[in-house]
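Hello,

I am passing on the structure we talked about. Please load it before you read the notes that come after it.

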Amino acid sequence: MFQSRRSVLLVGATLAASLTLAACGGAETTTPGSEGTVSVVATTNVYADIAKAVGGDYVSVHAIISDPAADPHGYEANAQDKLAVSKAQVGIENGGGYDDFFTQLAKGQLDSAEIVKVSDMSGLDTGEDFNEHVWYSLPTMSKLADDLAARFGTALPAQSDAFTAQATAFKAKLTLMMTRLHDLKAGHEGAGAAVTEPVPLYLLAEAGLVNKTPEKFTSAIENGADVPAATVAEVLAIMASKDVSLLAYNTQTESPQTQQVKAAAEAAGVPVVDFSETLPANTSYLDWMLGNVANLEQGLNTVAGK
C-alpha cells in the first residue's frame with residue numbers, strides 16, 4: 001500500500017524516469033473516445049497496460065497514475081482525469097483500499113456495472129489482512145483479461161473475436177509464468193521467505209513459499225513508520241538462522257531498517273531478490289512479471305545450488 005512514505009520513494013532509482021506525461025497526472029495510449037474504439041480509464045498504468053494488451057488498437061486508455069512516486073491515497077483528480085472519466089465506457093480500479101479516490105471521481109460518470117473492481121473479482125480473501133497488491137496475483141490478471149475482453153466485445157461486437165484472441169494470448173504468457181512458478185513449488189514448497197513489504201506475496205505463494213516475516217515489520221515499512229527495535233532484532237535473527245530461502249526486497253521503500261535487514265541477509269548467504277510495487281517505465285506488465293519470475297528462479301536456484 002502507498003502511504004506518506006511514497007514521498008521518499010525512488011530517490012536516485014531508475015524508476016524515477018517514469019512516463020513523461022505523469023506530470024499531468026495520467027498517460028494517454030490513445031485519445032479517449034477515438035472513433036471506433038472503446039474508451040477506458042484505469043487508476044494505474046498497470047491496469048492501463050493490461051487493457052491495452054487485451055484491446056489493442058480498438059481501445060483508448062487513460063491511466064490516472066503513472067508516476068511511481070504518486071500516492072493513490074492522497075491523489076486529487078485534475079481536469080484531464082475528469083475528462084477521461086466522463087468519456088469512459090469502462091473503468092478499472094484495484095479496490096481493496098488502494099485507490100479509493102476513484103469512487104468519488106467516477107460518481108455520476110460511470111455506473112458500478114461499468115467499473116471493474118479487480119480485488120472484488122479476484123476471488124482472494126479480502127478480509128482484514130487483505131494484501132491489496134493483486135496485480136502480483138497472476139490468476140487474478142488472467143480473470144481480468146477475460147473480463148475486459150467480454151466488456152470490450154459488448155461495446156464493439158465486430159471486434160469481439162479480436163479481443164478474445166488478444167486475451168487468450170495474454171493469458172498464455174501468464175500460464176507459462178505460472179508453470180515456472182509451479183516448477184519452483186515442486187522443489188521449494190513450504191520453504192520460508194522474508195519480505196520487506198507484502199507487495200510480492202501472491203507471487204511467492206505460487207512458488208510454494210511461506211512468509212516468515214513478523215507482521216509488525218512489514219506493516220511499519222508499508223506505512224512509512226519506524227519498526228520497533230525488538231521487531232527488527234527478530235527479523236535479523238531470522239536472517240542469521242537461515243530459516244528463509246530468500247529475502248524479497250522492495251526497492252521502492254528502502255530505509256535504514258530495510259537496508260539493515262538486507263545486509264544481514266547477505267551476510268548469512270540468504271539470496272536477496274528485488275521487487276518493485278509499480279510498473280517500471282517503458283516496460284509492459286507481462287515483461288515486468290516475467291522478470292520477477294526469472295529473478296525468483298535465480299534466487300531459489302542459488303539456494304538449491306549450495
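The model is predicted.

Salt bridges. The count comes to 3. In one of them, the side chains of Asp146 and Lys171 pair at 2.8 Å, N to O. Asp146 belongs to helix H5 (residues 138–155) and Lys171 to helix H6 (residues 160–188), so this pair ties together parts that are 25 residues apart in sequence. Asp146 is partly exposed, at 37% relative accessibility.

Another joins Asp147 to Arg151, at 2.5 Å, N to O. Both residues sit in helix H5, 4 residues apart, about one turn of the helix. Asp147 is partly exposed at 23%, and Arg151 is partly exposed at 24%.

Arg180 and Glu297 also form a salt bridge, with an N to O distance of 2.6 Å. Here helix H6 supplies Arg180 and helix H11 supplies Glu297, so the pair ties together parts that are 117 residues apart in sequence. Arg180 is partly exposed, with a relative accessible area of 30%; Glu297 counts as buried because its value of 16% is under 20%.

Surface patch. Asp125, Glu128, Asp129 and Glu215 form a negative patch. Glu215 is in helix H8 (residues 215–222) and is exposed, at 55% relative accessibility.

Loop residue. Ser284 lies in the loop between strand S9 (272–275) and helix H11 (285–304), and is partly exposed at 23%. Beyond its neighbours within four places in sequence, Ser284 contacts Asp49 and Leu279. Its C-alpha atom is 8.2 Å from that of Val46, 238 residues away along the chain.

Regards

Notes
Residues are numbered from 1 along each chain as its sequence is written. This is a predicted model: local features need pLDDT of at least 70, side-chain atom pairs count only at pLDDT 80 or more; totals for chains, interfaces and linings use all residues. Side-chain values use heavy atoms; hydrogens and water are left out. Patches are made of residues with over 30% relative accessible area and no salt bridge: like charges are joined within 9 Å, nonpolar side chains (Val, Leu, Ile, Met, Phe, Trp, Tyr) within 5 Å. Accessible areas come from the Shrake-Rupley method with a 1.4 Å probe; for residues, only the protein chains shown count as cover. A salt bridge is a side-chain nitrogen of Lys or Arg within 4 Å of a carboxyl oxygen of Asp or Glu. Lys and Arg count as positive and Asp and Glu as negative; His and the chain ends are not counted. The place of a charge is taken as NZ of Lys, CZ of Arg, CG of Asp or CD of Glu. Helices (H or I, at least four residues) and strands (E, at least two) are DSSP runs, numbered from the N terminus. Buried means under 20% relative accessible area, exposed over 50%, partly exposed in between (1.4 Å probe, protein chains only). Contact means heavy atoms within 4.5 Å.
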